[in-house]
Amino acid sequence: MFDITGKRFWGFLIAGVVILIGVISLATLGLKSGIEFSSGSMMTVSFEEEVDQRSLEQELANLGHTNAIVQHTGAGDFIIRTRELTGEDKTALQEALAAKYGQLTEAEFYSVSPMVATETAENAAIAVGVAAVGILLYITWAFRRMPKPFRYGTCAIVALVHDALVALGVFSILGGILNWQINLMFITGILAVIGYSVNNTVVVFDRIRENLKLGISPDFEVIVNNSLIESLGRSLNTSLTTLFVVLALLFFVGSTIQNFAVVLLVGIIAGTYSSLFIAPHLLVVWEKGEWGRFIRWLPLRAARA
Amino acid sequence: MTRRNILALMAVLALFAFAVCTLVLPMFGREQMRLGLDLQGGIHIVYKADLSQVDPGEEASVIDGVVAVLSNRINPLGVTEPVIQKQGQDRILVELPGLSITDKEKERLSRVALLEFGELAAEDEEAKWENELGRWKPATAVIDGEEKELTSRYFKENTYVAQDSMRGIVLRFEWDEEGSKISEAVTSRLIDQPLGIFEGDEALLGEDGRPIAPFVRSVISEIGQIEGLSYNEADTLSKLLNAGRLPVPLEILYDQTVSPILGADFIDMSLKAGIIGIIVVMLFMIIYYRVPGALASLSLIFYGSLVLAIFKLVPVTLTLAGLGGFILSIGMAVDANVLIFERMKEEFRTGRRLGAAIEAGFDRAWTAIRDSNVTTFIVCGILYWLGSSIVASAPVMGFALTLFIGVAVSMFTAIVVTRTLLRLFVGSRLARRTSLFTVYTGRKNV
């Protein structure tokens with residue numbers, strides 16, 4: 001039998017490093033918010049001739065759009081984000097770009113006024129808050145028959161925060177490199193993923209509860225390890241099938257839905273990881289009071305490396 | 001038992017046939033899937049009406065007036081299912097699916113289309129307009145003791161474009177009863193003086209780019225004409241004037257315009273992603289779970305047709321995000337099957353016979369299936385609310401709705417369809433070869 005639980009500190013270390021990188025990126029690069037939340041205009045255009053992103057950014061700055069953000073999509077289109085444009089501004093901008101780069105085709109135009117943006121951001125924040133409360137209530141309910149419901153609930157929430165932090169970190173890095181923005185679909189994707197990953201955690205915890213009742217071992221660590229191995233097949237298979245379709249979405253649809261597919265991808269991987277290697281192992285550490293041991297283990301690892 | 005299974009199979013097949021018919025044929029008056037703006041192209045605009053000049057209590061009727069005028073302007077565009085509706089206190093939502101128009105045409109939709117006539121203001125008078133020809137104030141006349149401005153609100157709705165004897169373009173209009181009185185008073189006062197024509201803050205420009213301000217040569221009381229406009233401008237103006245002017249100016253709060261070509265691409269791409277996703281999931285299930293996996297794949301096909309049929313019947317407006325939700329739900333749909341099969345394998349290992357293992361697997365997995373979908377349902381509910389509360393509602397609501405329907409149907413197909421197929425299979429001769437069931441059956445001590 002595999003001893004997964006025995007390597008629990010490794011699981012924490014890996015998660016810690018990933019989150020640390022994300023947090024550093026969040027602190028330095030921050031997040032770029034999309035026009036839904038901060039207002040402005042966005043157009044998806046394609047040029048008949050090859051256009052360099054740098055040159056396009058430079059040209060936009062020359063035209064007075066100093067804060068314009070350019071994103072090059074996989075399909076070869078450019079998504080240009082500017083301040084809110086009126087019909088006249090837009091025509092002028094497109095004519096100027098056409099004069100410089102030749103014929104361009106507008107596939108999509110999107111414009112959000114500050115009033116609507118504020119409204120959207122407020123409601124999205126409320127939705128995230130309500131979702132957090134809803135999931136908390138669900139967790140309290142789901143763990144009502146557990147021996148120490150508070151511990152189970154807390155560990156599930158830590159796993160959930162882990163998933164959200166990883167997704168935010170990845171988007172902060174993507175925002176820095178590729179100008180990806182946090183938009184409504186990002187929030188939608190992250191909520192879907194959180195709901196999904198809580199399920200995985202609940203299924204694993206359910207097993208722990210069952211095995212505790214059966215009394216398969218006096219050692220909590222062994223119980224957790226057995227439960228993990230028993231639910232491993234289900235957790236991995238469900239995640240894999242979901243990953244398959246998300247990858248199909250990413251590779252075959254791309255462009256507009258690209259950010260959304262990537263949130264799902266990152267979220268599902270992070271969620272599967274946390275429900276297997278973080279939430280149940282936190283329970284073990286808590287049960288055994290091992291926090292000190294973990295802290296002492298870290299420099300030991302570092303010294304050996 | 002066998003008869004019950006066959007009946008269940010018949011019911012499942014009948015439902016499948018119904019779903020396929022729904023998809024292929026126009027049923028219940030629904031010919032096609034309803035596609036969102038991002039999939040068929042079109043325009044989604046939210047206007048905010050400027051109600052600052054409107055008397056308190058009149059707001060609702062003013063907005064109704066705006067909706068009526070916008071409808072008049074939009075109807076000739078030939079959009080199949082236009083949406084023009086009031087939203088909240090001062091907003092008007094306009095959705096024109098499938099429509100492709102130029103920016104100029106788009107601007108025209110929200111043009112107030114009120115022509116105001118002006119006369120030159122004296123040095124000490126306040127001017128409303130200023131241009132190269134001078135400072136202007138509204139041309140007014142006192143009718144029945146009340147000072148009234150001469151504007152196109154007194155035009156009859158029969159303005160048209162014509163050519164004069166010099167082959168120049170003219171816009172001909174007719175004053176209504178009240179307009180005639182004002183016009184008569186104004187033109188008799190302003191003989192041999194210029195009469196400026198303005199729209200909003202700007203003077204009406206002629207084809208030569210100069211403001212139009214003809215000199216009054218005679219008293220005009222019934223029919224008038226505006227000369228010097230380009231044909232396009234005259235044509236647009238006549239249409240706008242006949243469709244009625246907007247009672248208040250509109251401001252664009254939100255604008256999403258998608259070209260129909262882009263939308264068509266998205267449908268193809270989503271279809272491809274969906275089919276490839278389903279195939280990969282099926283292959284995985286068959287390789288990993290053998291016969292149960294193959295049966296789960298069959299129920300996945302059933303699942304796909306049933307969900308799409310529901311989308312068509314409800315009807316769910318399909319957006320790109322909605323299709324994403326559907327494709328995501330394909331991956332999640334097999335979760336219920338995976339839970340059941342894993343349970344089945346365990347029951348099998350404890351030495352139960354195949355039939356008993358299947359039943360026990362279904363019974364014991366049910367609570368897990370139910371519980372594990374609760375959070376997804378909670379999230380769908382919240383997202384649906386979020387979608388309904390914001391202007392850019394379509395993607396978020398579409399995703400919430402399709403994911404919800406997908407997950408709900410997946411519970412049904414896993415419990416009813418896969419189970420029926422498995423039970424039928426147990427009755428067949430193939431079932432004796434337990435190796436068909438799972439790769440792991442040999443290792444009982446795991």
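In this predicted model, the C-alpha centres of domain 1 of chain B and domain 3 of chain B lie 66 Å apart. Chain B is divided into domain 1 (2-35 + 259-436), domain 2 (42-110) and domain 3 (115-245), with bounds that come from an automatic or database domain assignment. Residues are numbered from 1 along each chain as its sequence is written, and chains are lettered from A in the order in which they are written. Because the model is predicted, local features need pLDDT of at least 70 and side-chain atom pairs count only at pLDDT 80 or more, while totals for chains, interfaces and linings use all residues.

Where chain B meets chain A, the contact takes 56 residues from chain B and 55 residues from chain A, two residues being in contact if their C-beta atoms, placed from the backbone, lie within 7 Å. Among the elements of chain B that each supply at least two residues to this side are strand S14 (250-258), helix H7 (260-313) and helix H8 (320-349); helices (H or I, at least four residues) and strands (E, at least two) are DSSP runs, numbered from the N terminus.

Strand S14 of chain B pairs with strand S4 (residues 104-112) of chain A in the antiparallel sense over five bridges, pairing requiring that DSSP finds at least two bridges between the strands. Within S14(B), B:Asp255 is the bridge partner of A:Ser111.

Turning to the helices, the axes of H7(B) and H8(B) come within 9 Å and cross at roughly 5°, where axes are lines fitted to C-alpha atoms over the stretch in contact and angles run from 0 to 180 degrees between N-to-C directions. H7(B) is therefore roughly parallel to H8(B), a description that applies to angles under 35 degrees.

Methods:
Angles under 35 degrees count as roughly parallel, over 145 as roughly antiparallel, 65 to 115 as roughly perpendicular and the rest as oblique.
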